[in-house]
Amino acid sequence: MRTHWSVDPSVSLRVMLRGIPRRDHNPAPTIPRRGAPPVKSKIRGVKHIVVVASGKGGVGKSTVADSSTVMTQRDTANLALAMLQTSPLGRPANVGLLDLDIFGPSVPKIMGLEQAGDPALSAENKLLPLRNHGVKTMSMGYLLPPDPTGETGVAWRGMMVMKAVQQLLFDVDWTTPTGEGSQDLDVLVIDMPPGTGDVQLSLGQLVSVDGAVIVSTPQDVALVDARKGIIGLLLNMSHYTCTSCSTPHELFGSSDHFVRAASDLKLSVLGKLPLVTSVSDGGDAGRPVMVQSTPEGEEVRRTMRTVGQGVWDWLDKRPVAMNVGARG
């Protein structure tokens, strides 16, 4: 069960002042109290931005909500790895994974980077992502002081959350140094906390996002009520195939109404992910299913590679946004 730890204000302040660097010469944008909303921008050094989100944290009970949230984060990590493996660029893609779940960051654990230490700083005083499995990552989990129980989380609200989000968005150097300068990140996959709140509002107001993948379960597809910019829907926990037969068992209800709802919303169904123990076990061990070779996880890998190709195709067909600047 995920826990939101109460943080002493002085500890929170130290995290904000020390954990995330201050860059007074190029401050993160602030949201004005009056007047027009801030102008959306791209993130400097990032070509495409894809958000992975869910309509809510679960299906009613807190234990299920926590399980669903972690599953979404594993889906996000597996999507980043799938896009790395299905690059249409004629070269390995530069893929990044940004964990914006301020309240319960799990990307360090899922990506096997819990013991990687603090991120280094560039000459421009920007955070340098930590890398594993070929993917660059950044998370609030790298910046918070360790907890004796092994859990990481905060109970911030309002401006502290917005400040942390702004700096994770604009104070990270995603570029890769080359002999002729630097190479931009081809795609940044952003993992969002469930539901709507300060994090979602900050991202929506500040960043020009290329598209979103909505992760849903058979029960909560009806919560998807926005269509613009959605690449498609990904059905999680779609079915379970036992080892003694090849018949999919839809434990959480038929996926037929999910498909009908997607059709009514004119949204694509990118894939249906089964319940597979290697997904959760691998995430706990820092080895997402996309970098495993177990036969049990092959259906998930095959599905996620199809999803990755679908996202690449969607990005390729998307018109280039004009008159959009970059911050960072």
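1. Let's start with Val311, which is found in helix α8; helices here are DSSP runs of H or I with at least four residues, strands are runs of E with at least two, and both are numbered from the N terminus. Val311 is buried, with a relative accessible area of 0%. Buried means under 20% relative accessible area, exposed means over 50%, and partly exposed lies in between, using a 1.4 Å probe and protein chains only. Leaving aside neighbours within four places in sequence, Val311 is in contact with Val50, Leu79, Met83, Val213 and Ile231, where contact means heavy atoms within 4.5 Å. The C-alpha atoms of Val311 and Ile231 are separated by 6.9 Å, although the two residues are 80 apart along the chain.

2. A word on what you are looking at. This is a predicted model, in which local features need pLDDT of at least 70 and side-chain atom pairs count only at pLDDT 80 or more, while totals for chains, interfaces and linings use all residues. Residues are numbered from 1 along each chain as its sequence is written, and side-chain values use heavy atoms, with hydrogens and water left out.

3. Now for the chain as a whole. Its secondary structure comes to eight helices and 14 strands. Of its 328 residues, 49% count as buried. Among contacts between residues at least 6 apart in sequence, 75% join residues at least 24 apart.

4. With 20 residues at 1.5 Å a residue, α8 should span 28 Å, and its end C-alpha atoms are 29 Å apart, which agrees; the expected span is 1.5 Å times one less than the number of residues. The buried residues of α8 include Val300, Met304, Val307, Val311 and Leu315. An α-helix has 3.6 residues a turn, so residues three or four places apart point the same way.

5. Helix α4 (residues 158–170) is worth a look too. Its 13 residues reach 18 Å from first C-alpha to last, close to the 18 Å expected at 1.5 Å a residue. Among its buried residues are Val161, Val165, Leu168, Leu169 and Phe170. Not counting residues up to four places away in sequence, Leu169 touches Ile43, Leu98, Leu100, Ile190, Leu203 and Val207.

6. Strand β9 (residues 211–216) is largely enclosed by the rest of the structure, because six of its six residues are buried. Gly211, Val213 and Val215 cover one side and Ala212, Ile214 and Ser216 the other, all of them buried. β9 pairs with strand β2 (residues 49–54) in the parallel sense over five bridges; strands pair if DSSP finds at least two bridges between them. In that pairing, Ser54 stands opposite Val215. Five bridges also join β9 to strand β10 (residues 230–235), again running parallel, and here Ala212 has Ile230 as its bridge partner.

7. Which residues form a salt-bridge network with Asp210? The side chains of Lys42 and Asp210 meet in a salt bridge at 2.8 Å, N to O; the term covers a side-chain nitrogen of Lys or Arg within 4 Å of a carboxyl oxygen of Asp or Glu. Lys42 lies in strand β1 (residues 42–43) and Asp210 in the loop between α5 (198–206) and β9, so the pair ties together parts that are 168 residues apart in sequence. Arg318 and Asp210 meet in a salt bridge as well, at 3.4 Å, N to O. Arg318 lies in the loop between α8 (298–317) and β14 (326–327), so this pair ties together parts that are 108 residues apart in sequence. Arg318 counts as partly exposed, at 28% relative accessibility, whereas Asp210 is buried at 8%. Salt bridges that share partners join Lys42, Asp210 and Arg318 into one network.

8. A search of the whole structure finds seven salt bridges. One more to visit is Glu114 with Lys109, whose side chains meet at 3.9 Å, N to O. Glu114 is partly exposed at 43% relative accessible area, and Lys109 is partly exposed at 35%.
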